[in-house]
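Subject: Structure handover

Hello,

Please find the structure below.

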Amino acid sequence: MLEKQSPFSGLELLGASHHLPEYTLAHDSRPSLKKLYQAYDQLSLHDWQKSKPIYWQTITLDQQTFKVPIHSYAVPSLDDRKPFDLILISGIHGTEPAGPVALAGNIPLLVNIGKRMRVLMVPLTNAYGYVLNKRYGSKGESVGDSTHWFNHKVKPVCSEAKDLTNFFYQLYWQGLIGPGTMAIDYHEDLSGDGAGLQSLDEDKLAHLLASTYFYAAGRDIQHPFVSKTADILQAETGFLIPSAQTLAGEEIMGGRVLNSHDASLDDFLARICKLQLVITPEQWLHSPEEPGLEQRKTVYTTHLESLLL
Ligand SMILES: [Zn+2]
């Protein structure tokens with residue numbers, strides 16, 4: 001049974017500094033977890049609310065153990081109980097840092113967006129994977145798996161997946177997210193890392209700096225933000241994949257996969273929480289540093305800026 005209590009009722013303000021890792025095991029230029037959290041916490045200076053931890057993850061790094069909270073941030077305050085216009089999610093897969101890094105590097109942009117619309121953000125859903133450079137969470141399972149919501153015979157694959165879906169379901173049940181809400185969930189597609197593309201000539205892509213595609217789901221996949229996302233990704237990376245198949249067998253047409261029923265968190269937001277639109281951008285990576293993280297961060301910064309300002 002879900003509690004009706006708001007996840008924001010135990011508001012934590014700036015200053016609740018946890019002991020956080022100051023480096024990662026990744027060989028790219030990603031900032032430390034401490035730096036990311038310091039950046040997100042700056043939102044508290046601009047009237048954003050930080051939630052109680054949605055869940056905690058335990059990270060062991062060179063024999064040091066860290067207990068790390070996963071928070072959401074929201075603006076404006078929830079006092080008037082109106083639904084959110086926008087949900088921003090990133091960092092579900094720890095080997096896909098562009099989303100969390102882009103959000104941390106663009107606090108003034110987020111503040112600006114938050115002046116125009118009601119925003120709820122969970123910028124780093126898998127701190128464990130981010131620090132240890134692992135795709136999945138601490139139980140070796142995806143924190144963004146929602147299979148248990150579509151097949152009642154199965155248990156949640158891990159406590160993170162259970163807590164993350166419950167967090168959003170609670171907001172849905174309270175009328176704080178729903179048919180008027182759009183979500184963007186920033187991913188990347190690292191070739192050979194449990195995801196990827198098939199029926200795509202990777203040699204042909206090798207000369208390209210970047211290539212992209214995205215998922216769109218929800219009640220309104222005709223929404224102008226779908227074609228706008230295609231235009232932005234095409235302009236920014238120079239290559240929106242015209243047609244291919246993902247390893248899961250989904251068809252990419254014109255750079256997009258429409259209404260994928262993959263029992264992911266995005267599928268959950270689209271079908272269970274009945275969101276207006278859920279967009280999941282993907283940047284296809286040749287290797288963890290190709291294209292470089294700075295460039296991939298710019299792609300998502302431009303997407304946010306061009307779509308929402
Ligand atoms: Zn991913």
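Two residues are in contact if their C-beta atoms, placed from the backbone, lie within 7 Å. Of the contacts in the protein chain with a separation of 6 or more, 75% are between residues 24 or more positions apart.

This is a predicted model, in which local features need pLDDT of at least 70 and side-chain atom pairs count only at pLDDT 80 or more, while totals for chains, interfaces and linings use all residues. Residues are numbered from 1 along each chain as its sequence is written.

The whole chain

The protein chain has 10 helices and 14 strands. Both are DSSP runs numbered from the N terminus: helices are H or I with at least four residues, strands are E with at least two. Of the 309 residues in the chain, 47% are buried. A residue is buried if 20 or more other C-beta atoms lie within 10 Å of its own, exposed if 12 or fewer, and partly exposed in between; the C-beta atoms are placed from the backbone.

Strands β2 (residues 55-61) and β3 (residues 64-70) pair in the antiparallel sense over 7 bridges. Strands count as paired if DSSP finds at least two bridges between them. Thr 60 stands opposite Thr 65 in β3. The two strands form a hairpin with 2 residues between them, and Asp 62 in the turn has a positive phi of about 45°.

Ile 89

Ile 89 belongs to strand β5, which covers residues 86-90. Why is Ile 89 counted as buried? Because it has 28 C-beta neighbours inside 10 Å. Residues up to four places away in sequence aside, Ile 89 touches Val 122, Thr 125, Ala 183 and Asp 185. Val 122 is 33 residues from Ile 89 along the chain, yet their C-alpha atoms are separated by 4.9 Å.

Helix α8

The 14 residues of α8 should span 20 Å at 1.5 Å a residue, and its end C-alpha atoms are 20 Å apart, which agrees. The expected span is 1.5 Å times one less than the number of residues. Its buried residues are Thr 229, Ile 232, Leu 233, Glu 236 and Thr 237. Seen down the axis of α8, these fall within an arc of 95°, so they line one face of the helix. The arc is that of the directions from the helix axis to the C-beta atoms. The face turned away from the buried side of α8 carries the exposed residues Pro 224 and Ala 235. What do the buried residues of α8 pack against? They pack against β10 (211-217), β14 and α10. Just after α8, Gly 238 takes a positive phi of about 85°.

Helix α10

Helix α10 (residues 293-308) has 16 residues and reaches 22 Å from its first C-alpha to its last, close to the 22 Å expected. Its buried residues are Leu 293, Arg 296, Lys 297, Val 299, Tyr 300, His 303, Leu 304 and Leu 308. Down the axis of α10 they fall within an arc of 155°, so they line one face of the helix. Among the elements that cover them are α2 (98-104), α3 (107-116), β7 (182-186), α8 (224-237) and β14 (277-285).

Lys 297, in α10, is buried, with 22 other C-beta atoms within 10 Å. Neighbours within four places in sequence aside, Lys 297 is in contact with Ala 98, Val 101, Ala 102 and Gly 105. The C-alpha atoms of Lys 297 and Asn 106, 191 residues apart along the chain, are separated by 9.9 Å.

Regards
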